[in-house]
Structures are given as C-alpha cells and as structure tokens.
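Please read them with the structure open.

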Amino acid sequence: MKTKNIAELRVLLEGIATEMGIELVDVEFKMSKNPSLTVFIDTEDGVDLDTCEKYHRAIDEPLDEFDFTLGAAYTLNVSSPGLDRPLKTQRDFDRALGQMVEIKLYAPEKGKKLFEGLLTDYDGNNITVEIDGAEKKFSLSSIAKVNIAITFD
C-alpha cells in the first residue's frame with residue numbers, strides 16, 4: 001500500500017493537537033492485512049477516554065481530506081502513550097531527568113542488554129544514567145528503547 005509522507009501527516013495532526021491543548025507524542029502506521037494508523041497523544045493531566053474521543057473526532061475529517069493512504073481503508077486509533085512509553089524527543093528526556101529509566105540495547109555490553117538507572121543527562125546524541133553510584137553514558141544509536149522504569153510498591 002502506498003501512502004503519503006508521514007512527516008506531512010504529523011504536521012497536520014500536530015496543528016490540530018496544539019489547538020486543543022494536546023501534545024502529539026507519536027504517529028505510527030502499520031501496514032498489514034488490516035492497516036492501522038495509531039496516534040499517541042498526551043496532556044499535562046494525562047489522557048482519558050474522553051480526550052481520545054474528542055481528538056479522534058477532531059482529526060477524522062481532516063484525515064479524510066488529507067487522504068494519507070490514497071483512498072485505501074485503514075483503522076484509526078487514538079491512544080495514550082502508556083506508562084512505558086519510549087522516550088524519543090528532547091521534551092521526553094527533559095521530563096524524565098532525575099527519574100529512573102530502563103534501557104534496552106541493540107547489542108549486549110559486557111554481556112548485558114538491559115540496564116536501569118537514574119537519568120542525569122541527555123545531549124541529543126547520548127544519555128547519561130547513574131547506576132549503582134557510577135555514571136554511565138549510552139549512545140542513542142546503541143539504544144533500542146529507553147523508557148521510565150515502572151515500579152510497583
């Protein structure tokens with residue numbers, strides 16, 4: 001299935017989100033037997049079902065006009081990014097500074113692919129975390145996923 005440029009789609013969705021006081025977190029299009037477009041949103045107070053529904057309604061018609069899939073059918077989903085949302089943007093990392101994060105590497109480092117530590121720095125190319133009292137720097141290119149560590153009391 002051919003589609004238009006997802007960056008252009010993101011600009012359209014970002015504009016609508018901004019007008020509504022919503023943060024556009026991510027946009028994913030999955031081509032499969034049942035293609036789907038999933039739009040992840042957030043607000044300062046979190047996201048509830050009503051917020052997802054309002055945003056879904058707000059983008060439905062503009063998406064039809066934009067015609068991202070060039071007339072092909074797809075399912076539209078609007079969702080919260082969830083507790084384990086990956087950190088991807090400068091804003092994500094800025095918010096996470098001083099919090100515990102989980103890091104999953106593409107390839108093992110000293111036999112380990114999973115690390116957990118306190119996020120102390122982000123410079124656009126690397127993150128620095130404190131693990132057992134020592135600072136460790138990871139290149140973003142070596143990281144498969146980084147997210148806030150979820151702990152259950």
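**Notes on the fold and surface**

1. Read along the sequence, the elements follow the order α-β-β-α-β-α-β-β-β-β-β. That pattern holds three helices and eight strands. The model is a predicted one.

2. On overall dimensions, the C-alpha atoms fill a box of roughly 55 × 35 × 30 Å, taken along the principal axes. The accessible surface of the chain is about 9,500 Å², and carbon and sulfur atoms account for 49% of that surface.

3. Taking contacts between residues at least 6 apart in sequence, 52% join residues at least 24 apart.

4. On charge, the chain carries 29 negative and 18 positive side chains. The centres of these two sets lie 8 Å apart.

5. Which residues form a negative surface patch? The patch consists of Asp60, Glu61, Asp64 and Glu65. One of its members, Glu61, sits in helix H2, which spans residues 49–66.

6. Is Glu61 buried or exposed? Its relative accessibility is 55%. Exposed means over 50% relative accessible area, so Glu61 counts as exposed.

Terms used
Residues numbered from 1 in each chain as written. Predicted model: local features only at pLDDT ≥ 70, side-chain atom pairs only at ≥ 80, totals over all residues. Heavy atoms only, no water. Patch = residues over 30% accessible without salt bridge, like charges linked within 9 Å, V, L, I, M, F, W, Y side chains within 5 Å. Areas by Shrake-Rupley, 256 points an atom, 1.4 Å probe, with all protein chains shown as cover. Salt bridge = Lys/Arg side-chain N within 4 Å of Asp/Glu carboxyl O. Lys, Arg positive; Asp, Glu negative; His and termini not counted. Charge placed at Lys NZ, Arg CZ, Asp CG, Glu CD. Helix = DSSP H or I, 4+ residues; strand = E, 2+ residues; numbered from the N terminus. Buried < 20%, exposed > 50% of the residue type's maximum accessible area, 1.4 Å probe, protein only. Contact = heavy atoms within 4.5 Å.
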